[in-house]
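Here is a short briefing on one protein chain. Look at the structure first, then read the points below.

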Amino acid sequence: MALAFDEFGRPFIILREQEQKTRLRGLDAQKANIAAGKAVARILRTSLGPKGMDKMLQSPDGEVTITNDGATILEQMDVDNQIAKLMVELSRSQDYEIGDGTTGVVVMAGALLEQAQKLLERGIHPIRVAEGYELASRISFEHLERIAHKFEFSGADAEPLIRTCMTTLSSKIVNRCKRSLAEIAVKAVLAVADLERRDVNLDLIKVEGKVGGKLEDTELIYGIVVDKDMSHPQMPKQIEDAHIAILTCPFEPPKPKTKHKVDIDTVEKFQTLRQQEQKYFDDMVQKCKVIYFCIFFCLNIVLFDRVFDGDSLDWDTVYESSGIGEPITYTRSKKRKEASPSSSSRKASRTTTTSRKGKGQLGKGRLATVVEERELVDEELEDEEVGDEEEGSTSLEDDDIDEDEDNYLVEDDYDVGATLVICQWGFDDEANHLLMHRNLPAVRWVGGVELELIAIATGGRIVPRFQELTTEKLGKAGLVREKAFGTTKDRMIYIEHCANSRAVTIFIRGGNKMMIEETKRSIHDALCVARNLIRNNSIVYGGGSAEISCSIAVEAAADKYPGVEQYAIRAFADALDAIPMALAENSGLQPIETLSAVKSQQIKENNNCCGIDCNDVGTNDMREQNVFETLIGKQQQILLATQVVKMILKIDDVISPSEY
């Protein structure tokens, strides 16, 4: 950068961009990109398999993460190189789509890049290499479908699912409890799965953890666990047959949106303000426990004797005739006005019928209105008056009923039945005190996601306003209890025996926070594997047996292609061997010798189930070791790795931004 002046003396800056910019072209650019991809794959190579090593990652704020999950390692790493970022996205894509195999897909991509570098040095064009890789990936994809096996399972017999999840957990730090954790994962998936549609919604499975206890204390709860406690320490800790009101409206007095100030200069004003606030909170609590419903019976008619009994309404007859439900005793209030000479001589006879919305709503406590249906028969008015007197019916005159405001108001208090309130927001101290004295337990500051899960599990509805709270919107749970842990004051709310068991919680215990976080990641992988098997119950055998079998098939198919692509196809076959070699190396075995022996055994016995004996069981047959992997997971690994490698090989010019 230099400073110069024009003919008028105005300064301007000259940037020597060529000296500051770095640019790589052709083979140099491709080699640099391949080196970056190989560097990332080399980091994850030692974490592959059941004997893989863990990585310790420290964040800028000092938080430490210990894991061997490929997606987590790359997510925590601070990567600047753009090609290395592609490898990070590759692992993330595998995690989002399949949930397992995030380490293997990066190792596979690194092996393909390493083989491609050898071909580029021999003068083969990158496009031809990419085309050969594409052909080889199709061959591998089809071969995997041929060697796949179908696993039949049901809700009663989930052993195949458990064995496959155990394979996933065997490479994690929690492998000593892999049987129990696999059973928990499979039971959780089957609880929320729709086996007819072969669909699983993992959002209905909540994974919660609490430091303390042993890993063996991890349990599956058919309900929801909330990391909260009761809002008041004197509230009951256990509620049976709970009716839960799920609220998103706070127990707080309304706050004006404009600036305001209240001046209190006397004791009377303070008492008035306090009474108003107390009444406001008391109304809130009442709306949770009691709903007031009114029946407006609009009449300016003459009813028959079967409805009227003297001067009072026979409501039992009304209920029986209308089919509303069980009769309830009501009180009637009648609006009257002074009779006028012009109106006292008029009489009307009308027929009234009752209608309602929804069967039995009054009996359930909903706000209901009995609507009158008027039928004026002016031609038969006088005949009906005579007929009413003959049949002994009572006629109402205008001095008894207001013709304009002739409403019979029937009021009753009906208990909504809410025995627990779960609120997204906080409680005012006054409201909390009233809730405790009204014997209405409450939980506050519950997150929105947890509220949705509670609503799904209990069959309730999230209510945004107190006025909308009705009996039908309450959730139901057989047992709600508060549980304390250890000698600390940590408490959690258990909501169990829910009306809808399609929402479950996996509650993890561990010695420290890092252990719990790693267990959560391991459980997530097991849940994803079980979900994939429900969607597609095809499996291939693990231990590198599928990669070795594909390598043999791709090597045999290379001779069918006469062009330069056959070199790339053979290179693809060599890259497939990188997975079993890494497994053998991480298990302390001689990689080349072990791979050669297993490949020879597969060819001689025509047994594509032979793999690397990582656990030193004594047999290479993965069927006997019960080591399985999902077919779609293995196919996705090959396809994603091939796509990323093709993208990297097609880059021949890298222009870096200017550096000042």
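In this predicted model, a hairpin joins strands β4 and β5, with five residues between the strands. Glycine 62 sits in that hairpin and takes a positive phi near 95°.

**The hairpin strands**
- Strand β4 covers residues 55–58, and strand β5 covers residues 64–67.
- The two strands pair in the antiparallel sense, over four bridges.
- Glutamine 58 has valine 64 in β5 as its bridge partner.
- In a regular strand, side chains alternate between the two faces of the sheet.
- β4 has a covered face with Lys55 and Leu57. Its uncovered face holds Met56 and Gln58.

**Helix α6**
- Helix α6 runs through residues 126–147 and has 22 residues.
- From first C-alpha to last, α6 reaches 31 Å, close to the 32 Å expected at 1.5 Å a residue.
- An α-helix has 3.6 residues a turn, so residues three or four places apart point the same way.
- Buried residues in α6 include Val129, Gly132, Tyr133, Ala136, Ile139, Ser140, His143 and Ile147.

**Cysteines**
- How many disulfides does a search of the whole structure find? The search finds zero.
- Cysteine 177 is buried, at 6% relative accessible area.
- Cysteine 614 is buried too, at 7%.

**The whole chain**
- The chain has 22 helices and 26 strands.
- It has 660 residues, and 47% of them count as buried.
- Take contacts between residues at least 6 apart in sequence: 74% join residues at least 24 apart.
- The chain exposes about 33,900 Å², and carbon and sulfur atoms supply 48% of that area.

Terms used. Residues numbered from 1 in each chain as written. Predicted model: local features only at pLDDT ≥ 70, side-chain atom pairs only at ≥ 80, totals over all residues. Heavy atoms only, no water. Disulfide = S-S within 2.5 Å. Buried < 20%, exposed > 50% of the residue type's maximum accessible area, 1.4 Å probe, protein only. Expected span 1.5 Å × (residues − 1). Pairing = 2+ DSSP bridges. Contact = heavy atoms within 4.5 Å. Areas by Shrake-Rupley, 256 points an atom, 1.4 Å probe, with all protein chains shown as cover.
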